[in-house]
Amino acid sequence: YSVIVDGQTVLGGGALDLVTREHGGVGTPARPLGVNRRSVDRVVHPPQALWGSAIPDRFEETSVRLTPTLSLEVRVANDGVALRFRGHGDAPVTV
């Protein structure tokens, strides 16, 4: 994966994998099983206003289904990028 901001690569040549005791390494499949995208533009009102009574929550998210029980979620906001693996099964997994 790469992160490009205003046409300049700020992070490049990255590789992701998740190794579990139950399934070994996921690696990068040639063809994802599915891709979902969403945009979020909302305001969060925390129960205890420590920094203010309203916090903007704006990001673009892409979720790529890697296996029937695992997805990779990528969130991009104005101030950063977040990557996370999300499991979809009920059985415990040891990472």
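**Entry 1**

I began with strands β1 and β2, which pair in the antiparallel sense over 3 bridges. Pairing here requires that DSSP finds at least two bridges between the two strands. The strands themselves are DSSP runs of E, at least two residues long, numbered from the N terminus. The model is predicted, so I noted its limits: local features need pLDDT of at least 70, side-chain atom pairs count only at pLDDT 80 or more, and totals for chains, interfaces and linings use all residues. Residues are numbered from 1 along each chain as its sequence is written, and side-chain values use heavy atoms, with hydrogens and water left out.

Which residue of β2 stands opposite I4? I found T9 there. β1 and β2 form a hairpin with 2 residues between them. D6 lies in this loop, between β1 (3-5) and β2 (8-11). Its phi is near 50°, a positive value in a residue other than glycine.

Is D6 buried or exposed? D6 has a relative accessible area of 80%, so it is exposed. The cut-offs are under 20% for buried, over 50% for exposed, and in between for partly exposed (1.4 Å probe, protein chains only).

**Entry 2: the nonpolar core**

Next I looked up the largest nonpolar core, which has 5 residues: L18, V64, L66, L70 and L72. The term covers buried Ala, Val, Leu, Ile, Met, Phe, Trp, Tyr and Cys residues joined through side-chain atoms within 4.5 Å. In soluble globular proteins, nonpolar side chains tend to be buried together.

I then listed what V64 touches, leaving out residues up to four places away in sequence: P32, G34, V35, L70, S71 and L72. Contact means heavy atoms within 4.5 Å.

**Entry 3: two residues of β7**

I followed S71, which is found in strand β7. S71 has a relative accessible area of 3%, so it is buried. Which side chain makes a polar contact with the side chain of S71? I found that of H88, at 2.7 Å. A polar contact is a pair of N or O atoms within 3.5 Å; within protein, one must be able to donate a hydrogen and the other to accept it, and residues adjacent in sequence count only if both atoms are side-chain atoms. Beyond four places in sequence, the contacts of S71 include S63, R65, R84 and F85.

A77 is also placed in strand β7. A77 counts as partly exposed because its relative accessibility is 28%. Outside four places in sequence, A77 touches R58 and F59.

Key: Helix = DSSP H or I, 4+ residues; strand = E, 2+ residues; numbered from the N terminus.
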